[in-house]
Amino acid sequence: YKGGITESETIKFKVGVKDSYKDGDFRVYMQSSKPYPVKLVFTGDGYKPEHFKYGGLFDQNVDEAIEALFALEPYKTYREYFTVYKVAAHSKDSGLSNKAENDYRNTAFSTIMEGGGSTLMDCNLDKVMSYALKIDGYNESDLTKSSICVIVNANTYAGTCYSYTDGKSVALVPVSRRNTSQ
């Protein structure tokens, strides 16, 4: 322009549609229009990067868990009072560790079955909470007024919930396909 350069250097870049969650990405599953909604955070452990395609295994398992929760009373009646988030946590290995079987997996939250006939599960609870804090606008105070559910990519009958006196809570829920009515 007015005697200046009319061309610039060439820069290459890709355009396209983002098709999967990166580690730490979050999505709002449902947004409450009510003041002071109850916040629920769903994340997963034992899900590898390829499980995080939109509509993939992570979405399928977490969506199923959320819908199962809201199919029950009183959640069904009060659904509009909840804001629900999904947070991606990539693991190097699928599944979970099992102490009794000396089987250790490299997962985002180091979820482990204690074994010996017990359904007790444990994980790195501080890391779970740090992933909830990746949600925009979510802070330490929110941790004391909401619940975090870790869907564990393992077909096993187990589960454990950790509740703290300050209001924090983390539930470890494996993807069990076991028929418990037998």
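Ser146 belongs to strand β7, which spans residues 146–152; strands are DSSP runs of E with at least two residues, helices runs of H or I with at least four, both numbered from the N terminus. The model is predicted: local features need pLDDT of at least 70, side-chain atom pairs count only at pLDDT 80 or more, and totals for chains, interfaces and linings use all residues. Residues are numbered from 1 along each chain as its sequence is written, and side-chain values use heavy atoms, with hydrogens and water left out.

Ser146 is buried, at a relative accessible area of 5% (buried is under 20%, exposed over 50%, partly exposed in between; 1.4 Å probe, protein chains only). Its side chain makes a polar contact of 2.3 Å with that of Tyr138 (a pair of N or O atoms within 3.5 Å, one able to donate a hydrogen and the other to accept it; residues adjacent in sequence count only if both atoms are side-chain atoms). A polar atom of the Ser146 side chain also lies 2.7 Å from the backbone oxygen of Asp142.

## Salt bridges

The whole structure contains eleven salt bridges (a side-chain nitrogen of Lys or Arg within 4 Å of a carboxyl oxygen of Asp or Glu). One of them joins Asp19 and Lys53, with the closest N and O atoms 3.1 Å apart. This pair links distant parts of the chain, 34 residues apart: Asp19 precedes β1, and Lys53 is in the loop between β2 and α1.

Lys34 and Glu80 form another salt bridge, at 3.5 Å from N to O. Lys34 is in the loop between β1 and β2 and Glu80 in the loop between α1 and β3, so the pair ties together parts 46 residues apart in sequence.
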